[in-house]
Amino acid sequence: MSLLPLGWFFFLFFCVGFYSLLKIVGCGPKEFYYHIVFLLGWGFIFLHFFCVFCFLSTFYGCGYLVDILVFSLGGVEIGFAFLFDWVSLGFFSFISLISGIVFFYCFFYMGEDVLMKRFLLVLFLFVGSMGILVFSGNMFTTMVGWDGLGLVSFILVIYYQSLSRVDSGLLTVYRNRLGDGFFLIRFSWYFLVGA
Amino acid sequence: MFFVHLWLPKAHVEAPLPGSMILAGVLLKLGGYGLVRIFKLFSCSLFSFRGWFFCVGLVGGAYVCVICLGQVDLKALVAYSSVSHIGMLVGGLMRFSLAGLKGGILMLVTHGLTSSCMFLALFLFYCRRFSRSVFSIKSLLWLNPLLAFWWFLLISLNMGVPPSLGFFSEVLVLVGVLSVWYFHFFMCFFMLVLVGFYNIYLFVSVGHGVGGHGVRLLQVLAREHLSVFLHVAPSFGLVFFFVLLCWFL
């Protein structure tokens, strides 16, 4: 159960990232998105192999819970917790594989788009929210991921400006908010019953 | 609160910008301050009436949210949103407990920052388009993406997205209200959901849509961005202040 082999992965990852950053610094605006998409796409595909490696070797049969208490007031304790075990790593390995492919694909599909920067940012936030939701270890972190997922998916759906997109986006975010209301009630009720 | 603050939108739509900002950001909070000061004094007499206050605060807040969804004047919408938030404050205070009190005070702080900033961001439109109607103010995501980003942050602060201060205040108020009786969640639930609904409606009507005729890219000055930023940043930054406060208490 040693975390030592992970160090080599991080070393490799930072080497590739540093090389890509060097290329990004000295390029024009046209090549900029090419390098960004290259970095994000290969980064997520690398993350896929990293997660698969982790849950096959280090996290096989065990898990790590990272618990960070943010505040505690009158019995109300709220903090971040991230759970790394084979379930969450397995889920995130597929998420990262698919999002890496999506990043490559959006370069061909939306490469001519004027607002490419916004699209890449929102897509990255979407994947990040999914990551928070998958690795969440308590109710508060789940709610952070859930709310982020709802709002960011809303921004993604209404990316093009037309009425039908607004309808679909509102349907998405209103259902999300409905769930969020139940989450809030449940979250507050946990403090009262101590579950 | 539903019955006693319904004059507020009528005053806001006629007031100039500084008047609106001070009215929403400071003056409404003085009402909450007065409640916090005297509620120990009247806690015995008010205790038997707390169910009425929960009802008027939370169910009335949900009704005000429905009124918000039907507004065409965006300034009136923002004004009605403060009415609904004050309802939640009253619901928290009338529990007469630590969690409800802290939640109410946090609600005052976060709503004071966001609502005055919403009035400011509306005024930036009004200077350039000379209208506050939802039919005229449109397509900000295309006209000025940075201002649309500020609007997005503002509505997420107003609906209490988790890492912000509004979320903690909502949770503390809910802990207070639900500790009286679990079935109070019928009152809280509609309010919580509808707050999200009208905030999303506000963002869609401001940020989205095809601009129509005579559209220029909006030029927003750096000092206007700075003044919006100085409202938004404390709402996230005060979370850390609040955390430090709780550690040292």
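This note describes a predicted model, with attention to the fold of chain B and its interface with chain A.

1. Conventions. Residues are numbered from 1 along each chain as its sequence is written, and chains are lettered from A and ligands numbered from 1 in the order in which they are written. As the model is predicted, local features need pLDDT of at least 70 and side-chain atom pairs count only at pLDDT 80 or more, while totals for chains, interfaces and linings use all residues.

2. Elements of chain B. Chain B has 11 helices and zero strands (DSSP runs: helices are H or I of at least four residues, strands E of at least two, numbered from the N terminus).

3. Dimensions of chain B. The radius of gyration of chain B, 18 Å, agrees with the value near 18 Å for a compact globule of 249 residues (taken over C-alpha atoms; the rule is 2.2 Å times the number of residues to the power 0.38). The C-alpha trace of chain B spans about 60 × 40 × 30 Å along its principal axes.

4. Burial in chain B. Of its 249 residues, 51% count as buried, meaning that 20 or more other C-beta atoms, placed from the backbone, lie within 10 Å of a residue's own.

5. Interface. In chain A, 30 residues are in contact with 33 residues of chain B (C-beta atoms, placed from the backbone, within 7 Å). The elements of chain A that give two or more residues to this side are strands S1 (64-73) and S2 (76-84) and helices H5 (139-157) and H6 (163-193). H6(A) gives the most, with 15 residues.

Key: Two residues are in contact if their C-beta atoms, placed from the backbone, lie within 7 Å. A residue is buried if 20 or more other C-beta atoms lie within 10 Å of its own, exposed if 12 or fewer, and partly exposed in between; C-beta atoms are placed from the backbone.
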